[in-house]
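Here is a short briefing on one protein chain. Look over the sequence and the fold, then read on.

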Amino acid sequence: MTVRPGKEIVCDDVNYSTLAVSTKGYVIYAFPMKYELPKMCLSKGQAVIDSYPCYYIKLEKDYFPTIILVIRFICGREVVVLMKDRDIDYSKSRLLYAFNLDSFKPKFAEIMHTYQQELINQKLTRDI
């Protein structure tokens, strides 16, 4: 099967819902059926990194975020693409993991900052 650049195919696979080919044909974007984000973090948010709008999650006290997902338009839809996960830099990879932005946003919103968890624990301790 041949897929032209800028097009996508629906997968008949338990791991991925869609595979999309970049407009120049250099990169394949794989959309996993299931994925999880961390439950807690030191910080999270949106920023511009190297002139790209992105979401970031810091799990450690390093200067750079632990996880970086860049916002892109792929095959006519807005998605986030995983660019960095801990020590793995995917920026030069020809296979990238992408997630629909609409389904990503609620999962991102559920990640608690560690200080939020500490406040909850303090309240529970006082109520006992």
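The face of helix α1 turned away from its buried side carries Asp102, Ala109 and Glu110, which are exposed (over 50% relative accessible area; buried is under 20%, partly exposed in between, with a 1.4 Å probe and protein chains only). The model is predicted: local features need pLDDT of at least 70, side-chain atom pairs count only at pLDDT 80 or more, and totals for chains, interfaces and linings use all residues. Residues are numbered from 1 along each chain as its sequence is written, and side-chain values use heavy atoms, with hydrogens and water left out.

**Helix α1**
- Helix α1 spans residues 101–110, and its buried residues are Leu101, Phe104 and Phe108.
- They lie on the same side of α1, because they cover an arc of only 55° around the axis (taken from the directions from the helix axis to the C-beta atoms).
- The buried residues of α1 pack against β5, β6, β7 (67–74), β8 (77–85) and β10 (95–100); contact means heavy atoms within 4.5 Å.

- Strands β5 (residues 43–49) and β6 (residues 52–58) run antiparallel and are joined by seven bridges; strands pair if DSSP finds at least two bridges between them.
- Val48 stands opposite Pro53 in β6.
- Two residues lie between the strands of this hairpin, where Asp50 takes a positive phi near 50°.

**The whole chain**
- The protein chain has two helices and 11 strands; these are DSSP runs numbered from the N terminus (helices H or I, at least four residues; strands E, at least two).
- Of the 128 residues in the protein chain, 32% are buried.
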